[in-house]
Structures are given as structure tokens and as C-alpha cells.
Amino acid sequence: MNITASAISLNVTDPPASAKFLIDHLGFTEKMSADGFVSLDRPDAGLNVIYLRTGLKSFKPKSAAGSAGEGLLVVFVVEDIDAQYARLQGEGVPIVTPIETEEWGERYFQMRDPNGIILQLVQWV
């Protein structure tokens with residue numbers, strides 16, 4: 001098997017709001033969109049992020065059609081975590097977990113997008 005691309009698909013109330021957050025603050029670009037759907041790309045991220053509006057009739061399987069959010073973290077490993085933290089604070093991004101370092105060397109912080117998705121930036125130190 002040869003995997004040629006990866007994506008995470010998240011069900012949210014307002015896909016354009018979450019897409020704008022990633023475009024404005026994390027440098028993603030819109031790859032394609034339609035009513036209730038936005039696909040974002042950033043070649044160095046290793047995956048595309050797709051937002052689907054909750055309640056789309058085309059969503060399958062129906063058992064997984066609820067909203068993304070509780071218990072979900074979308075994590076990106078970055079360089080210079082402290083500079084990213086300062087930049088995003090300066091941009092007014094809602095930080096929900098201030099920067100901290102775990103004993104195993106994970107330095108991270110968490111932010112919330114307009115649909116409540118928690119995004120985490122990490123640097124291994």
C-alpha cells in the first residue's frame with residue numbers, strides 16, 4: 001500500500017469560520033469548497049484539514065455525524081513554540097491552555113477555533 005495523502009475531517013456548525021481561523025492564524029490555504037464543505041491544505045503540515053457542516057445529508061456513516069470537539073485535539077509540531085505563542089496571543093487568538101512543558105519534553109499550548117475545536121502547537125525540547 002502507498003498512502004498518497006492524509007486528511008482529518010471535522011464536523012462543525014460553521015465550516016467557513018474554522019477555515020478562516022486556520023488560514024489567518026496557521027497559514028493554511030483553501031484547496032476547495034462548496035456549500036457546507038471546506039478543504040484546507042498546507043504542504044508542510046502532512047495532512048489536509050476538512051471541515052464539514054453538521055447535518056449534511058451526504059455524510060456517511062450516519063453514526064459518526066455528530067459535532068467534532070469534545071476530547072479531540074488537532075496537533076501540529078512546530079519550531080520555536082515561544083515565538084508562535086507570542087504571535088498568536090498578539091493576534092488575539094483564544095488561548096485555552098497557556099504554554100507549558102511536560103516532564104517528557106513536550107512544550108505546548110492550546111487554542112480554540114470559532115467552532116470550539118482545540119488546536120495544539122507542540123515543540124519537542
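Tutor: Start with proline 114, which is in contact with Ala17, Ser18 and Phe21, leaving aside its neighbours within four places in sequence. Keep in mind that this is a predicted model.

Student: What makes these residues count as being in contact with proline 114?

Tutor: Contact means heavy atoms within 4.5 Å. Ala17, Ser18 and Phe21 meet that condition with proline 114.

Student: Where is proline 114 placed?

Tutor: Proline 114 sits in the loop between strand 7 and strand 8.

Student: Why is proline 114 called exposed?

Tutor: The label exposed needs over 50% relative accessible area. Proline 114 has 56% relative accessibility, so it counts as exposed.

Student: How far is the C-alpha atom of proline 114 from that of valine 12?

Tutor: The two C-alpha atoms are separated by 9.6 Å, while the residues are 102 apart along the chain.

Student: What is tyrosine 51 in contact with, leaving aside its neighbours within four places in sequence?

Tutor: Its contacts include Leu10, Val12, Pro15, Ser18, Leu22, Phe37 and Asp113.

Student: What makes a group of residues a nonpolar core?

Tutor: The members must be buried, must belong to a set of residue types such as Leu, Met, Phe and Tyr, and must be joined through side-chain atoms within 4.5 Å. The largest such core here has 23 residues, and among those touching the most other members are Leu22, Tyr51, Phe76 and Met111. Helix 1 (15–26) and strand 4 (48–53) are among the elements that each supply at least two residues of this core. Helix 1 gives the most, with four residues. In soluble globular proteins, nonpolar side chains tend to be buried together.

Student: How many helices and strands does the chain have?

Tutor: The chain has two helices and eight strands, in the pattern β-α-β-β-β-β-α-β-β-β along the sequence.

Student: How do you know that the radius of gyration agrees with a compact globule?

Tutor: For 125 residues, the rule gives a radius near 14 Å; the chain has 15 Å, so the two agree. The C-alpha atoms fill a box of roughly 45 × 40 × 25 Å along the principal axes.

Student: What share of the residues is buried?

Tutor: Buried means under 20% relative accessible area, and 36% of the 125 residues are buried.

Conventions. Residues are numbered from 1 along each chain as its sequence is written. This is a predicted model: local features need pLDDT of at least 70, side-chain atom pairs count only at pLDDT 80 or more; totals for chains, interfaces and linings use all residues. Side-chain values use heavy atoms; hydrogens and water are left out. Buried means under 20% relative accessible area, exposed over 50%, partly exposed in between (1.4 Å probe, protein chains only). The radius of gyration is taken over C-alpha atoms; the globule rule is 2.2 Å times the number of residues to the power 0.38.
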